[in-house]
Amino acid sequence: MSVDVRLDPGRLARLLRLRGGIVERRLAERTRRVADIARAEAPGSMGDYIDWHIEEGRRGLQGVITCDHPATVFVLEGTRPHIIRPRRAKGVLRFEVDGQVVYAKVVRHPGTRPNNFLGRALRLGR
């Protein structure tokens, strides 16, 4: 008795990449895990702005993690020392220092170091 098995590589590849298939489920699992790590690594409330999804790319399915916080680029790339002034001409800046409210016309911000929490999450999630 002989058995003849033939595999069509193109058909097999399409089967594996079907929506809802094993490849998409594994990709979603890994993408979710990296997004959870990114939420934990993100400073302050920035983790609340992190979301993920699976989408079709040029070379197949890909996991995408996004952070929609308005200051994301400043956290990832860091900032140089800079002066902060009020937006209105006669306005003042109001902020808290050690629990006390402080008012100032100008603040000299020392800048911030880059914090690539998304890259770190990707490395830790592998």
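A residue is called buried when its relative accessible area is under 20%, exposed when that area is over 50%, and partly exposed in between, as computed with a 1.4 Å probe on protein chains only. The structure described here is a predicted model, in which local features need pLDDT of at least 70 and side-chain atom pairs count only at pLDDT 80 or more, while totals for chains, interfaces and linings use all residues. Residues are numbered from 1 along each chain as its sequence is written, and side-chain values use heavy atoms, with hydrogens and water left out.

In soluble globular proteins, nonpolar side chains tend to be buried together. A nonpolar core is defined as a set of buried Ala, Val, Leu, Ile, Met, Phe, Trp, Tyr and Cys residues joined through side-chain atoms within 4.5 Å. The largest such core in this model has 10 residues, namely Val34, Ala35, Ala38, Ala42, Met46, Ile50, Cys67, Val75, Phe117 and Ala121. At least two residues of this core are supplied by each of helix H2 (22–41) and helix H4 (117–124), and H2 gives the largest share, three residues; helices here are DSSP runs (H or I, at least four residues) numbered from the N terminus. Cys67, a member of this core, is in contact (heavy atoms within 4.5 Å) with Met46, Tyr49, Ile50, Thr72 and Phe117, when its neighbours within four places in sequence are left aside.

Side chains of opposite charge can pair when their charged atoms come close. Under the criterion of a side-chain nitrogen of Lys or Arg within 4 Å of a carboxyl oxygen of Asp or Glu, a search of the whole structure finds three salt bridges. Asp36 is paired with Arg32, with their closest N and O atoms 3.2 Å apart, and these two residues lie four residues apart in helix H2, about one turn of the helix. Asp36 also forms a salt bridge with Arg39, at 2.7 Å from N to O, and this pair lies three residues apart in helix H2.
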